[in-house]
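Hello,

Have a look at it first, and then read on.

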Amino acid sequence: MTRTTEEKAQDYTAMGHSVTLINEVIAGTKMADESAEDRQSCVDRNVEHLELMVAKDYWTTESMTSVNSAIAAGKSYTAT
């Protein structure tokens with residue numbers, strides 16, 4: 001299935017939301033009152049989403065630097 005330019009833009013925006021959430025959970029500015037298990041689960045789900053999305057073959061000139069950084073940070077994150 002071919003993605004339209006609009007669909008690709010929506011996907012890229014959603015990836016940005018995951019990047020932000022991962023970074024904020026790790027920094028302690030999001031979900032600070034949630035359990036460690038919930039924070040870890042949130043980060044793990046969003047990392048999985050980013051890994052699936054970055055592997056798509058329809059990306060062209062979009063920068064994946066922040067995505068790859070969030071994936072690496074999320075994989076090394078352990079909620080306490």
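Is E24 buried or exposed, or partly exposed? E24 is partly exposed, with a relative accessible area of 27%; buried means under 20%, exposed over 50% and partly exposed in between, with a 1.4 Å probe and protein chains only.

Please keep in mind that this is a predicted model, where local features need pLDDT of at least 70, side-chain atom pairs count only at pLDDT 80 or more, and totals for chains, interfaces and linings use all residues. Residues are numbered from 1 along each chain as its sequence is written, and side-chain values use heavy atoms, leaving out hydrogens and water.

Back to E24: this residue lies in helix α1 (helices are DSSP runs of H or I, at least four residues, numbered from the N terminus). Leaving aside residues up to four places away in sequence, E24 touches T29 and K30 (contact means heavy atoms within 4.5 Å).

Now to the salt bridges (a side-chain nitrogen of Lys or Arg within 4 Å of a carboxyl oxygen of Asp or Glu). The count comes to two. D11 pairs with R3 at 2.9 Å, N to O; D11 is buried at 13%, while R3 is partly exposed at 22%. E51 pairs with K75, their closest N and O atoms being 2.8 Å apart. E51 lies in helix α2 and K75 in helix α3, so this pair ties together parts that are 24 residues apart in sequence.

Best wishes

Definitions and conventions: Helix = DSSP H or I, 4+ residues; strand = E, 2+ residues; numbered from the N terminus.
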